[in-house]
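Thanks for coming, everyone. Have a look at the structure on the screen, and I'll walk you through a few places in it.

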Amino acid sequence: MKLASTASAATRAARLLELVGANWTTQAIGAAVSLGLVDALARKPCTARSLAGRTGCDGEAMQRLLRALAGIDIVEHRASGHWALTPTGELLQSDVPGSVRDWALWCSGPQWTLWGELAASVRTGRSARSRAGAAPGYAHLEHDAAAAQIFNGAMAGLSSRIGRALATAIDWRRSARAVDVGGGYGEVLAEVLLAHPHLRGLLLDLPHATTLAAERLARRGLAERCSVVAGSFFDEWPPHADIYLLKSILHNWDDADALRILRRCRAALDAQARLLLVERVMPEQPARQRRGRAILRSDLNMLVSLGGRERTLEEFAHLAAQAGLGRPRRKAAILDYSVLELRRARQD
């Protein structure tokens, strides 16, 4: 019994040490992208020495990074002595659909130092940016073009998969016009429009996103079917749409601001119009499965970075009722997200 207990304690300690040291994977992947070795290996497999020369890196250090990346299935070492990307690593390329390249750069760069402020955010209930006196939300991106490009690229890479799934998970046949509010580069809306040629769309977001969104939509042949408007979801929404879409917006904000956004939506909704919320829905009880952990991670990320939160279905329902909207109906599950459909409250 004592030996079993000792072995169990050793297993728990090993698992805990792995969790504590997990920061290395974020930075190793971020380095692989920022140093250019991912795109270099995408062109052709090569040796560590050749790769170091092509990327301007130290040869021995490159070998060490490649070994580490092989340990987490980003690259593989072939019998010829060449290194190559794995199917997982291929998703870090800059020019593949659904790339997570910019997400890796965002998490290992601009977002990295914020996590060091988590204890202070828990102590005060305020985000790191709030405690530093910064403007709320993503307003800071208006003055940081490089960070804005990484952030919007990261959101686009994550959103394209969601958009493709959303296009088939929801009935769009009786809808003619969809408005994506806070839709970034418009990846979600673009996937929906491409799947449903009868639809027309409008994308609303701040200038740091819309500056490039119109160009990206035009490259996908949607310039005639999708207009782009610079503006804030705290201001008046474009009227007369059949569907309004909010993807990963409410979780950025505290309850007071989330309610302001929903009230703007309620003011724009016609009697038959729908609001689709695409959000992570917090389980009532903490979950240890991968999807549950992703939601829990995002909740802490919102706390430390923006002062927002992930919400349970009942918390969404409470906000909806205050805004004059009916109870959210869960229509689909997409990756780590739920699609919630809301309409005007029945008493209207």
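F233 is buried, and F234 is buried too. Buried means under 20% relative accessible area, exposed means over 50%, and partly exposed lies in between, with a 1.4 Å probe and protein chains only. Keep in mind that this is a predicted model, where local features need pLDDT of at least 70, side-chain atom pairs count only at pLDDT 80 or more, and totals for chains, interfaces and linings use all residues. Residues are numbered from 1 along each chain as its sequence is written, and side-chain values use heavy atoms, with hydrogens and water left out.

Now the rings. The whole structure has six aromatic pairs. F233 and F234 form an edge-to-face pair, at 5.2 Å centre to centre and 70° between the planes. Rings of Phe, Tyr and Trp (its six-membered ring) pair if their centres lie within 6.5 Å; planes under 30 degrees apart are stacked, over 60 edge-to-face, the rest tilted. Ring pairs also join W106, Y138 and F151 into a cluster.

Next, helix α13. Helices (H or I, at least four residues) and strands (E, at least two) are DSSP runs, numbered from the N terminus. α13 covers residues 290-305, 16 residues in total. The expected span is 1.5 Å times one less than the number of residues. That gives 22 Å for α13, and its end C-alpha atoms are 22 Å apart, which agrees. Which residues of α13 are buried? They are G292, A294, I295, S298, N301, M302, V304 and S305. Their cover includes α7 (118-124) and α8 (128-131). After α13 comes G307, with a positive phi near 80°.

On to P283. P283 sits in the loop between β7 (274-279) and α13. P283 is partly exposed, at 27% relative accessible area. Beyond its neighbours within four places in sequence, P283 is in contact (heavy atoms within 4.5 Å) with I295 and T312. I295 is also one of the buried residues of α13.

Last stop, the second largest pocket. A pocket here is an open set of points on a 1 Å grid over the protein atoms alone, where a 1.4 Å probe fits, with protein on both sides within 12 Å along at least five of seven lines; lining residues have an atom within 4 Å of a point. The second largest pocket has 22 lining residues, and S94, V96, A156, E187 and R216 lie nearest its centre. Which helix gives the largest share of that lining? α9 does, with six residues.
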